[in-house]
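Hello,

Here is the structure I said I would pass on. My notes on what was found follow below.

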Amino acid sequence: MLNDILPLAPTALRHFANPRAEHGPWPERLDSVLDQAAFDAAGAEIRRWEGYQPTPLVAIESLAQAAGVTWVGFKDESSRFGLGSFKALGGAYAVLRLLSRETGLDAASIRGGGHAERMKSITVVTATDGNHGRSVAWGAGRFGCRCRIYIHAGVSENRASAMRALGAEVVRVDGNYDDSVHRASDDAEANGWFVVSDTSWEGYTELPRYVMAGYGVMVDEVIDQPGAAEPPTHVFVQGGVGGLAAAVAARFWMRFGASRPTLVVVEPNRADCLYQSACNAAPVCVDITEETIMAGLSCGEVSMLAWQVLETAVDHFITITDDNVAAAMRFLASVAVPGAAVEAGESGVAGLCGFVQTATDPALASVIGLDASSRVLLLGTEGATDPEIYAELTRAG
Ligand SMILES: Cc1ncc(COP(=O)(O)O)c(C=O)c1O
């Protein structure tokens, strides 16, 4: 029984089956958002970076058995480039592409160094709840430009100091994530700095497109990884601004066409902009009044580019409460894999919570098509990115 291995509180879950989901081949109209060439270029570049290694794909047999499905795979991003999250693939890659655009130098010569003065004249800025900023700061440090990171009131001090340690200047802004996005953009405009954002808006799409293309590396690894002999039938992916979900959806759809997996986006109920947008059939801004514990997912505005993919690539949108996050983290910490347990942070377990709550609700499981033949992919998008919060949440219980 699922409840024996992962006891979850019976808490509210909202579900919206997307009537606009499409299941034909990858639609050409979406090539303007993300195409094969963008994914290929990002993959070829990122795989050349020092320290690149595919992250583990852990098959959690006990969970598959208890949930009555064939396979559950957990892509564990906690070790990605030593930064603790999948975001390492996106922001840093966009920094490189920006530097290349601004200097006219190709990626190889920027990667190789030797243009210190030129690089130092460029400043990149971004707003972040932690993980994207860490990636941008790391990319800036690696490629030699300056970096300023804007964080909102709710971002933990540990996350701020991790970015300072990578050489970034960190600015704390009153308000929530969306306020920090606007302030970063205003300051950049006034000072001739460059915004490297993981979210996009009207007129600002070039760099977020690179960010999403970088995330595709994670999906390509899953598909090519031993243990994933057959593609998943279902992917439960957590949503913030939607960039991750759009990249994952696009990559699977491009590779498998009409037999793409069923895509389920899972969000915190306190920051449910994707769910609300789906219900409304158009982007909706959500006012975040209370912060969710899943800090990386605390976004009230959908990425415009991401939405163009998500509106037809996602089959189901669900929202979860914070109540089961700690239990899911503790469960993963107890899963023995060769050499270690699985370390997953608060935002990294939303997909797992969504999957388990779905599997324990027969009516919902049936609507989502979960059955004994299902192969379920979960994306463990972060490790203990704030070690104190991680220790506190995994200790209790
Ligand atoms: C750990 C983690 N998972 C998932 C996400 C969601 O990504 P996106 O905002 O692109 O939807 C984030 C965003 O910061 C994150 O930090």
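A polar contact here is a pair of N or O atoms within 3.5 Å; within protein, one must be able to donate a hydrogen and the other to accept it, and residues adjacent in sequence count only if both atoms are side-chain atoms. The model is predicted, with local features needing pLDDT of at least 70 and side-chain atom pairs pLDDT 80 or more, while totals for chains, interfaces and linings use all residues. Residues are numbered from 1 along each chain as its sequence is written, and side-chain values use heavy atoms, without hydrogens and water.

The ligand: one of its nitrogen atoms is 2.8 Å from an N or O atom in the side chain of threonine 381. A ligand oxygen lies 2.9 Å from a polar backbone atom of leucine 244, and for glycine 243 the distance from a ligand oxygen to a polar backbone atom is 3.1 Å.

Alanine 168: this residue sits in the loop between α8 (157–165) and β6 (169–173); helices (H or I, at least four residues) and strands (E, at least two) are DSSP runs, numbered from the N terminus. Its relative accessibility is 9%, so alanine 168 counts as buried (under 20% relative accessible area; exposed is over 50%, partly exposed in between; 1.4 Å probe, protein chains only). Leaving aside neighbours within four places in sequence, alanine 168 is in contact (heavy atoms within 4.5 Å) with Ala137, Cys147, Ile149 and Met163. Cysteine 147 is 21 residues away from alanine 168 in sequence, but 5.0 Å away in space, C-alpha to C-alpha.

Regards
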